[in-house]
Number of protein chains: 2
Amino acid sequence: MKTKYPDSVSSIDVARLAGVSQAAVSRTYTPGASISDKKRRKVLAAAEQLGYQPNIIARSLSRRSTRLIGIVMAKIGDPFYAKILATFSRKLQDKGYWSLLLNVNDDLALDDALPQALQYQVEGIVLTSATLSTTMVSHCKNLNVPVVMFNRFSWELDVNAVGCDHAGGARMLADLLIKAGHERFAYISGEKDSSTNREREKGFTERLSDDGHALFARESGDYSYESGFTAADRLLSTNGQPDALFCANDLMAMGAIDQARELGLQVPGDLSVVGFDDVAMAAWEQYSLTTIQQPMERLVSATVDVLINAIESREMERVIKVIPGRLVIRDSARLPEKINI
Amino acid sequence: MKTKYPDSVSSIDVARLAGVSQAAVSRTYTPGASISDKKRRKVLAAAEQLGYQPNIIARSLSRRSTRLIGIVMAKIGDPFYAKILATFSRKLQDKGYWSLLLNVNDDLALDDALPQALQYQVEGIVLTSATLSTTMVSHCKNLNVPVVMFNRFSWELDVNAVGCDHAGGARMLADLLIKAGHERFAYISGEKDSSTNREREKGFTERLSDDGHALFARESGDYSYESGFTAADRLLSTNGQPDALFCANDLMAMGAIDQARELGLQVPGDLSVVGFDDVAMAAWEQYSLTTIQQPMERLVSATVDVLINAIESREMERVIKVIPGRLVIRDSARLPEKINI
DNA sequence: GTGAAAGCGCTAACAG
DNA sequence: CTGTTAGCGCTTTCAC
């Protein structure tokens with residue numbers, strides 16, 4: 001078997017060519033290391049000539065620091081998550097960290113994926129889907145690698161978390177709908193065991209009952225457009241129809257709107273529909289969706305800050321941040337007479 | 001300064017506890033290595049007790065193989081690319097490789113990003129956006145790390161490439177529109193210097209001129225919904241209007257449809273609109289877009305196969321694969337009388 | 001089948 | 001500032 005990198009050039013080669021010690025070349029690539037300008041230039045010249053680049057794997061082993069962050073994510077295809085991922089990798093890159101992407105799904109469950117990432121010596125983990133098992137939590141803790149959960153909270157688990165105020169956002173939505181005089185409120189849920197879904201439903205129904213209203217109807221979805229479409233069908237083709245519909249995310253809201261129109265209903269004339277997330281498409285003409293905007297930049301920044309801080313300061317106190325969403329009023333829901341929200 | 005991983009446990013610790021040599025524990029984790037069952041069990045037990053996991057960074061250094069693949073991508077937020085990324089990471093994981101995500105943009109240009117990835121000793125690179133400079137190509141070549149460009153071709157560059165037959169797809173679209181009796185064909189382009197855009201435009205106009213037609217109008221976009229929306233405005237609010245519109249991707253087609261409706265036009269009654277990609281949304285009720293489906297699974301599989309093969313066989317012959325798209329007929333374009341496409 | 005030992009490429013004391 | 005040296009944790013001959 002041939003060697004893998006017959007062509008790789010190491011710091012020793014550079015040192016030889018430059019006529020300096022190997023340590024000197026290491027130093028030229030270590031910001032802040034003490035080395036004379038003259039020597040540095042010689043090294044750089046030799047490196048240039050040989051096409052030398054430091055081997056980060058070796059450096060990582062020696063420094064015990066890989067500057068790798070594991071990002072675990074399911075549903076990368078979902079526009080909301082895709083945006084999240086893009087934002088994460090950008091912000092991490094800005095801070096000199098790199099993203100090791102762990103795409104979890106049925107094949108690769110989180111409990112299998114995480115140990116793998118850990119073997120790559122990731123220095124931190126951001127979890128954007130699924131939640132950790134307690135054994136995994138303690139595993140990470142033992143290894144001293146900080147974890148922050150994004151947009152999902154768990155009181156039982158001793159893990160950092162940053163996310164949007166889902167309950168609060170849902171409350172704003174309920175409030176708007178109530179003030180506009182709606183009477184029969186329906187909800188299409190996301191995946192039932194997601195913390196996101198629980199909170200959004202809770203916020204919505206709580207605000208409702210604060211005002212003496214109860215949920216008129218409820219259907220289950222799974223955050224996909226299709227599930228919104230079919231759930232709306234079940235919801236709207238029965239006798240008594242709701243006049244306000246909150247879908248646990250925008251994608252389902254768009255599906256629901258399409259279904260409603262299919263059934264000959266006007267949105268918002270006959271039915272007000274609101275969503276959650278404010279994905280790019282929510283602003284499109286066809287939907288013009290009233291929704292809660294999750295402050296993506298702030299959320300991701302906060303997550304990255306918590307993570308990096310935990311890594312670099314080695315603080316181990318748990319931090320939880322919840323960041324308010326912003327009500328974005330468009331045309332998919334009837335408005336109160338006097339707008340003073 | 002404290003050590004980074006005070007808690008990390010190495011194969012030596014395991015060996016000590018198990019009462020075997022360090023080599024034995026290494027062998028335990030090396031499939032095919034010769035070690036007795038008895039010894040292996042002892043090692044496994046000790047490892048379990050200590051929570052030992054092999055350090056892949058150290059293994060990578062020793063084996064000179066990281067099983068890391070660099071995926072460079074811009075516009076992760078674009079639904080088409082998001083899907084691509086999801087598929088890539090899944091297929092790579094299935095083959096035991098991990099994805100190092102390089103999010104390129106204005107801040108981090110490709111020529112800066114790539115050397116970084118190379119320093120991480122990625123064993124291969126898939127490029128889904130931008131194209132390589134020749135110096136980068138030779139850089140990768142020297143380092144013996146194979147590159148495959150996804151959905152972009154370049155004859156000058158000596159690089160592997162896998163992609164959809166954009167020209168062929170565009171030709172099918174033109175064909176369909178011609179057969180349906182359209183007269184005035186318009187095109188909204190994607191980013192002008194993308195090879196994707198060039199090929200789609202070329203295929204479209206060539207098929208047109210085969211039939212004695214010329215492009216009636218042309219506007220430029222950048223693949224975003226918004227650019228389709230505004231380009232359609234310029235296109236449709238002038239005097240002579242096109243009756244058929246090909247947009248370089250679905251997103252722009254959806255923007256164009258929304259704009260057309262805004263202007264009181266019927267789609268496809270007054271204007272047929274077709275796109276390219278077949279993103280999930282193209283199937284949604286509001287758009288029901290006739291388009292070319294890029295065979296995602298096949299494209300990604302082929303790309304991964306080419307890459308992995310190049311890595312594992314160390315073949316260095318250039319391979320180029322172009323895979324046909326599939327015409328998906330929906331309702332956004334008028335159809336020929338007799339359907340026999 | 002097994003242990004000893006020599007690396008992999010780089011960093012970081014440690015003495016000059 | 002600089003070279004020498006001892007690792008980082010694992011793999012892989014090489015003798016036994």
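Where in chain B is the place of B:Pro268? I looked it up in the predicted model and found B:Pro268 in the loop between α11 (250–262) and β9 (272–274) of chain B.

**Entry 1. Cis peptide bonds**

The peptide bond from B:Val267 to B:Pro268 is cis, and its omega is near 10°. I then turned to chain A, where a cis peptide bond joins A:Val267 and A:Pro268, with omega about 10°. A:Pro268 sits in the loop between α11 (250–262) and β9 (272–274) of chain A. I noted these bonds because most peptide bonds are trans.

**Entry 2. Positive phi**

I went through chain A for backbone angles next. Most residues other than glycine have a negative phi.

A:Lys75 is not a glycine, yet its phi is positive, near 55°. I placed A:Lys75 in the loop between β1 (68–73) and α5 (79–94) of chain A.

With 24 other C-beta atoms within 10 Å, A:Tyr223 is buried.

**Entry 3. Helix α3 of chain A**

Helix α3 of chain A covers residues 37–50, which is 14 residues. From its first C-alpha to its last α3(A) reaches 20 Å, close to the 20 Å expected at 1.5 Å a residue.

Which residues of α3(A) are buried? I find A:Lys42, A:Val43, A:Ala46 and A:Ala47. Viewed down the axis of α3(A), the buried residues fall within an arc of 130°, so they line one face of the helix. They pack against α1 (11–18) and α2 of chain A. On the face turned away from the buried side I noted the exposed residues A:Asp37, A:Lys38, A:Arg41, A:Glu48 and A:Gln49.

**Entry 4. DNA strand C**

DNA strand C is surrounded by 25 residues, and the closest are A:Ser11, A:Ser26, A:Ala58, A:Ser62 and B:Ser34. The elements giving two or more residues to the surface near DNA strand C are α2 and α4 of chain A, together with α2 and α4 of chain B. The largest share comes from α4(A), with five residues. By class I have ten nonpolar, twelve polar and three charged residues near DNA strand C.

**Entry 5. DNA strand D**

For DNA strand D the list holds 27 residues, and the closest are A:Ala23, A:Ser34, B:Ser11, B:Ser26 and B:Ala58. Two or more residues each come from α2 (22–28) and α4 (56–63) of chain A and from α2 (22–28) and α4 (56–63) of chain B. Which element gives the largest share of the surface near DNA strand D? I find that α4(B) does, with five residues. The classes are ten nonpolar, 13 polar and four charged.

**Entry 6. How the chains are related**

I superposed chain A on chain B. A rotation of 180° with 0.0 Å of shift along its axis does this, at an RMSD of 0.1 Å. That is the relation of a two-fold axis. Of the residues of chain A, A:Leu100 comes closest to the rotation axis, with its C-alpha at 2.4 Å.

**Entry 7. The contact between the chains**

How many residues of chain A are in contact with chain B? I get 48 residues of chain A in contact with 49 residues of chain B. On the chain A side, at least two residues each come from α4, α5, β2 (98–103), α6 (110–119), α7 (134–143) and α11. The most come from α5(A), which gives eight. By class, that side divides into 21 nonpolar, 17 polar and ten charged residues.

Notes:
Residues numbered from 1 in each chain as written. Chains lettered and ligands numbered in written order. Predicted model: local features only at pLDDT ≥ 70, side-chain atom pairs only at ≥ 80, totals over all residues. Near = placed C-beta within 6 Å. Helix = DSSP H or I, 4+ residues; strand = E, 2+ residues; numbered from the N terminus. Nonpolar A, V, L, I, M, F, W, Y, C, P; charged D, E, K, R; others polar. Expected span 1.5 Å × (residues − 1). Buried ≥ 20, exposed ≤ 12 C-beta atoms within 10 Å, placed from the backbone. Arc of directions from axis to C-beta. Contact = placed C-beta atoms within 7 Å. Least-squares fit on C-alpha atoms with pLDDT ≥ 70 in both.
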